[in-house]
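Me: I would like to go through this model with attention to what each label rests on. Please set each value against its criterion before you conclude.

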Amino acid sequence: MKKIIIFIILLCASFYSQAELDEYDDDEFLWQLSLGGFWVDLALPELKGAESNFDSLTMLVDAKIQYKRFYLNSHSGDFFGGSDIGYQLIIEDDWGVDVIYGNYQIPFSNEGYFDSETYIPELEGIKERKRDQSIGFSYYRTIGEYQAVAELVYDTLGDSNGWVLHFEATRNFELRNWDVWLNFGANYYSANFIDYFYGVDADEARSSRPIYEMGHAVSVFTQVQANYPIAEDWVFSAGASVLVGASNTRKSPLINSRHARAVFAGVKYVF
Amino acid sequence: MYFKLVSVNALTLIAGMSVHQPVLANGEGATEILHAAPSKCVALNEGRTCYADVKFSINTPVVGDYCIRESTSKKILQCWAQSQSFEFVLGFGSAESMSYELISKSQRDVLAVTTIEVNWVHKIRTKKRRWRLF
């Protein structure tokens with residue numbers, strides 16, 4: 001299955017690369033690096049026995065690279081959710097299609113979310129849930145004042161053998177020099193995908209942790225972020241995000257809650 | 001960090017006592033007759049309109065009738081009669097750097113020019129504005 005997905009994606013990329021040599025191709029190599037300090041209050045779905053709330057000052061390193069139709073947006077902060085790598089297959093005035101690589105679920109292990117190297121009896125014996133490495137297509141379209149995106153990705157390079165369908169819409173408000181955007185959407189996780197994270201296999205079962213097989217699941221989320229240019233190279237950012245998972249997620253013997261939230265504020269220097 | 005226009009900053013011409021013989025005064029001791037603060041406006045991205053309340057301080061050598069106008073469009077922003085020292089607050093909003101001129105109302109000579117630079121922080125406009133919680 002994975003080989004078929006990779007083959008299809010490479011075939012599409014190759015086909016459109018030949019067909020779409022047009023005015024959008026830009027040979028300029030663009031890069032941007034940002035370094036900042038942020039206060040982050042993060043509450044992830046509560047893993048049984050593990051620390052799931054994190055409140056700290058953290059460093060943030062952002063890297064953005066753009067060359068021809070390739071782009072990379074990398075975020076170091078865990079609250080930002082990793083990297084986006086993409087290739088713009090089709091670029092039209094108000095819509096387009098990209099091939100994308102990204103992560104859609106945060107990993108954890110028997111040490112909790114961030115390898116705390118502490119023994120957690122409630123999670124003893126579970127296998128590591130590695131970060132998904134999903135590849136797929138992103139279709140985006142401008143609808144009125146909104147930018148709508150639909151992504152269909154398969155965990156091609158990860159271990160779940162599952163797929164995710166992601167929808168979202170973003171509305172941007174320019175309030176003088178402030179940039180404020182509001183985003184909301186939903187994720188549909190295939191049974192394989194979500195079961196890899198929250199299911200309990202036979203070899204992981206204990207007396208207090210029964211075997212659990214998850215079916216498909218849905219989550220909904222909303223985010224808001226505000227950015228303001230403090231000076232020529234400095235930007236203030238603040239944001240908040242809330243995610244709610246489906247009720248069957250809560251039934252997993254591994255977690256106590258199906259909510260997640262993040263609040264952050266800080267400044268970054270843009271090189 | 002990325003300059004759209006980085007030149008002609010506060011080019012100050014002083015007319016001296018006579019508007020017929022303007023004198024370029026960039027040396028020490030020269031009085032800046034047209035001063036704008038802030039002289040820079042920073043937007044997040046290229047192409048964004050940058051907003052700022054810019055205060056023009058004008059100190060002319062002699063009492064007279066003066067106007068401030070946009071250099072390109074020649075649109076008059078405000079005039080003052082029989083004045084020598086005065087101030088003006090402009091609600092600046094532009095995606096590009098803009099120059100403003102102090103002129104003698106009677107002679108229409110340009111006595112001084114100052115430029116409000118528009119810069120921006122991000123070279124790359126983020127394709128996607130969202131971030132994943134996970």
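Me: What percentage of the residues of chain B count as buried?

Reply: In this predicted model, 30% of the 134 residues of chain B count as buried. The label is given to a residue that has 20 or more other C-beta atoms within 10 Å of its own. For chain A, with 271 residues, the share that counts as buried is 33%.

Me: Why is B:S94 called partly exposed?

Reply: B:S94 has 15 C-beta neighbours inside 10 Å, and a residue is buried at 20 or more and exposed at 12 or fewer. The count of 15 lies in between, so B:S94 is partly exposed. The residue belongs to strand β7 of chain B, which covers residues 76-94.

Me: Which residues does B:S94 touch, not counting those up to four places away in sequence?

Reply: B:S94 touches B:T49, B:C50 and B:V118 once residues up to four places away in sequence are left out; a contact requires C-beta atoms that lie within 7 Å. As for B:K55, this residue is 39 residues from B:S94 along the chain, and their C-alpha atoms are separated by 16 Å.

Me: What makes A:F271 exposed?

Reply: A:F271 has 12 C-beta neighbours inside 10 Å, and the label exposed applies at 12 or fewer, so A:F271 counts as exposed. The residue is found in the segment after β12 of chain A. A:F271 and A:L42 are 229 residues apart in sequence, with 27 Å between their C-alpha atoms.

Me: Why are B:K74 and B:Q82 called exposed?

Reply: B:K74 has 9 other C-beta atoms within 10 Å, and B:Q82 has 8. Exposed means 12 or fewer, and therefore both residues carry that label. B:K74 is found in the loop between β6 and β7 of chain B, whereas B:Q82 is placed in strand β7 of that chain. Each has a positive phi although it is not a glycine, with about 65° for B:K74 and about 45° for B:Q82.

Me: What is the peptide bond from B:A37 to B:P38, cis or trans?

Reply: That bond is cis, with omega near -5°. B:P38 is found in the loop between β4 and β5 of chain B, where β5 covers 40-45.

Me: How many helices and strands does chain B have?

Reply: Chain B comes to 0 helices and 9 strands, and along the sequence the pattern reads β-β-β-β-β-β-β-β-β. Among its contacts between residues at least 6 apart in sequence, 63% join residues at least 24 apart. Chain A has 3 helices and 12 strands, and the corresponding figure for its contacts is 56%.

Me: How are the strands of the closed barrel in chain A arranged?

Reply: The closed barrel has 12 strands, running from β1 through to β12 of chain A with antiparallel pairing. Neighbouring strands of this sheet are turned by 20° against each other on average, direction ignored.

Me: How do you know that β12 of chain A pairs with β1 and with β11?

Reply: The threshold is at least two bridges. Strand β1 (residues 29-43) of chain A and strand β12 (residues 259-270) of chain A share 10 bridges in the antiparallel sense, and 11 bridges join strand β11 (residues 234-245) of chain A to β12(A), also antiparallel, so both pairings meet the threshold. A:V267 in β12(A) is the bridge partner of A:G37, and A:F236 stands opposite A:V267.

Me: What makes β3 and β4 of chain A a pair?

Reply: Strand β3 (residues 70-75) and strand β4 (residues 83-91) of chain A are joined antiparallel over 5 bridges. With at least two required, they therefore count as paired. In this pairing, A:S74 stands opposite A:S83 in β4(A).

Conventions. Residues are numbered from 1 along each chain as its sequence is written. Chains are lettered from A and ligands numbered from 1 in the order in which they are written. This is a predicted model: local features need pLDDT of at least 70, side-chain atom pairs count only at pLDDT 80 or more; totals for chains, interfaces and linings use all residues. Helices (H or I, at least four residues) and strands (E, at least two) are DSSP runs, numbered from the N terminus. Two residues are in contact if their C-beta atoms, placed from the backbone, lie within 7 Å. Axes are lines fitted to C-alpha atoms, for helices over the stretch in contact, and angles run from 0 to 180 degrees between N-to-C directions.
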